[in-house]
Protein chains: 2
Amino acid sequence: MIRVLLVHDACLERSVLAEWLDREPGLAVDDTPWRNAAARIRSLSPDVCAADLACVDGHGTPPIGELSPARNGGRPPALVVLAHANRPGLLKRAAEAGALGFVDKAGSPDRLVHAIRSVAVRERFVDASLGFGFLKAAQMPLTRRELSVLSLAAGGASIAEIAGSLHLSHGTVRNYMASITRKTGARNRIDAIRISRGEGWL
Amino acid sequence: MIRVLLVHDACLERSVLAEWLDREPGLAVDDTPWRNAAARIRSLSPDVCAADLACVDGHGTPPIGELSPARNGGRPPALVVLAHANRPGLLKRAAEAGALGFVDKAGSPDRLVHAIRSVAVRERFVDASLGFGFLKAAQMPLTRRELSVLSLAAGGASIAEIAGSLHLSHGTVRNYMASITRKTGARNRIDAIRISRGEGWL
């Protein structure tokens with residue numbers, strides 16, 4: 001029996017998907033929203049954690065790092081993520097968090113069952129249709145520091161506030177913003193945020 | 001028999017939800033992504049259209065207006081939407097598009113079945129948990145013109161580009177941006193976009 005924890009923020013879809021998965025022979029399924037995921041992994045010790053990356057409240061990015069096998073000692077669950085090919089930054093983060101399975105949400109739900117069975121025996125599973133997303137993720141142009149600056153700006157912080165948060169001078173923050181705008185091919189800061197969010201980098 | 005068209009962008013969840021709904025006595029369910037929704041309404045003439053507002057590609061807003069009963073003459077479908085309480089602007093748009101049913105995605109899938117049966121006999125169905133969202137939607141502070149300006153800014157357009165698109169002077173666009181920033185309680189333009197998107201106004 002493979003014990004699965006399904007992580008998804010919309011209760012309506014989560015319930016139906018968990019019920020559907022639970023009917024599969026050999027799968028026993030629990031489910032949770034993102035905010036309780038780390039605690040449920042610790043209490044349930046599932047074999048597989050299947051997590052939806054699409055949206056937390058329709059925008060923002062889910063705390064994938066908290067599901068990381070590296071963070072959950074003992075016998076950590078194998079991680080499968082449900083993703084869209086057009087959010088390559090999220091795919092990259094999931095890979096960094098140690099995900100073994102990558103299922104395209106544009107595909108059939110049967111693919112999720114295949115992925116769960118694969119990662120349960122520690123075999124990688126990657127939907128071919130996510131390939132282009134991975135290619136784009138490999139080309140992510142921003143450094144970690146640039147992402148920190150852009151993330152604060154996207155939260156509405158001023159140059160002075162960003163400088164204060166990251167212990168940088170105003171001039172350095174302006175240089176980072178200019179570099180981010182150039183590297184993302186954006187017309188201005190708002191455009192850089194729009195592009196980076198669209199790619200799932202933010 | 002109530003013929004239902006389920007509109008949802010993620011094939012994986014859509015398939016499972018459509019299959020689940022189709023098992024309900026008296027419901028016959030077809031499903032489609034948003035991009036084909038209007039065409040499917042015309043070809044299938046469903047009794048009810050149940051549309052997910054949560055996310056198109058994880059961001060942006062769905063073209064609710066295209067599902068509007070007013071746009072689909074003859075015998076238009078009754079419209080149910082699946083929504084989050086924290087996107088009040090989307091609730092408002094759905095109400096303007098003539099939706100009769102409002103189902104909270106944070107609730108049980110059984111609520112969707114109740115909503116479908118209610119609107120099929122042209123009775124209103126509103127999840128109580130969406131009440132706060134409606135209250136906030138009623139307080140949406142921006143005018144249509146301000147929303148147009150903000151929407152172009154959010155797309156990365158410069159003041160000059162916005163002025164060109166809307167046939168306004170640069171000074172008028174700057175005045176609109178200042179008014180938007182003030183009305184949304186934002187610190188700056190980026191913050192105004194962030195707040196408005198969070199509320200589902202954009």
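Modeller: Let's start in a loop of chain B. B:Arg122 sits between helix H4 (110-120) and strand E6 (125-126) of chain B. Keep in mind that this is a predicted model.

Biologist: What is the phi of B:Arg122?

Modeller: Positive, about 60°, although B:Arg122 is not a glycine. Most residues other than glycine have a negative phi.

Biologist: What about B:Ser45, what's its phi?

Modeller: Near 45°, a positive value, and B:Ser45 is not a glycine either. B:Ser45 lies in the loop between helix H2 (37-44) and strand E3 (48-52) of chain B. With a relative accessible area of 34%, B:Ser45 is partly exposed.

Biologist: And which residue with a positive phi follows H3(B)?

Modeller: That's B:Gly98, with phi near 95°.

Biologist: What do the buried residues of H3(B) pack against?

Modeller: Three elements of chain B: E4, strand E5 (101-104) and helix H5 (131-138).

Biologist: Give me a residue from E4.

Modeller: Take B:Val81. Strand E4 of chain B runs over residues 78-83 and holds B:Val81. B:Val81 is buried, because its relative accessible area is 0%.

Biologist: Which residues does B:Val81 contact, leaving aside neighbours within four places in sequence?

Modeller: B:Ala51, B:Leu53, B:Ala94, B:Ala99, B:Gly101, B:Phe102 and B:Val103. B:Ala94 is one of the buried residues of H3(B). As for B:Asp104, it is 23 residues from B:Val81 along the chain, and their C-alpha atoms are separated by 8.6 Å.

Biologist: Is A:Asp52 buried or exposed?

Modeller: Buried, because its relative accessibility is 2%.

Biologist: What does A:Asp52 touch, beyond residues up to four places away in sequence?

Modeller: In chain A, A:Val7, A:His8, A:Trp34, A:Leu82 and A:Lys105. A:Asp52 also touches B:Glu13, in chain B.

Biologist: How is chain A split into domains?

Modeller: Domain 1 takes 2-137 and domain 2 takes 144-198. Their centres, taken over C-alpha atoms, are 30 Å apart.

Biologist: And where does UniProt place "HTH luxR-type" in chain A?

Modeller: At residues 135-200, again from an unreviewed entry. That span is 71% helix and 0% strand. Its end C-alpha atoms lie 13 Å apart.

Biologist: At what angle do H7 and H8 of chain A pack?

Modeller: About 105°, with the axes 9 Å apart; H7 spans residues 159-166 and H8 spans residues 170-183. So H7(A) is roughly perpendicular to H8(A).

Biologist: Which residues meet there, H7(A) to H8(A)?

Modeller: From H7(A), A:Ile159, A:Ala160, A:Ile162 and A:Ala163. From H8(A), A:His170, A:Val173, A:Arg174 and A:Met177. By class, that contact has 6 nonpolar, 1 polar and 1 charged residues.

Conventions
Residues are numbered from 1 along each chain as its sequence is written. Chains are lettered from A and ligands numbered from 1 in the order in which they are written. This is a predicted model: local features need pLDDT of at least 70, side-chain atom pairs count only at pLDDT 80 or more; totals for chains, interfaces and linings use all residues. Side-chain values use heavy atoms; hydrogens and water are left out. Buried means under 20% relative accessible area, exposed over 50%, partly exposed in between (1.4 Å probe, protein chains only). Contact means heavy atoms within 4.5 Å. Domain bounds come from an automatic or database domain assignment. Axes are lines fitted to C-alpha atoms, for helices over the stretch in contact, and angles run from 0 to 180 degrees between N-to-C directions. Helices (H or I, at least four residues) and strands (E, at least two) are DSSP runs, numbered from the N terminus. Angles under 35 degrees count as roughly parallel, over 145 as roughly antiparallel, 65 to 115 as roughly perpendicular and the rest as oblique. Ala, Val, Leu, Ile, Met, Phe, Trp, Tyr, Cys and Pro count as nonpolar, Asp, Glu, Lys and Arg as charged, and the others, Gly among them, as polar. UniProt positions are given in the numbering used here, feature names are shortened, and annotations may be inferred rather than shown by experiment.
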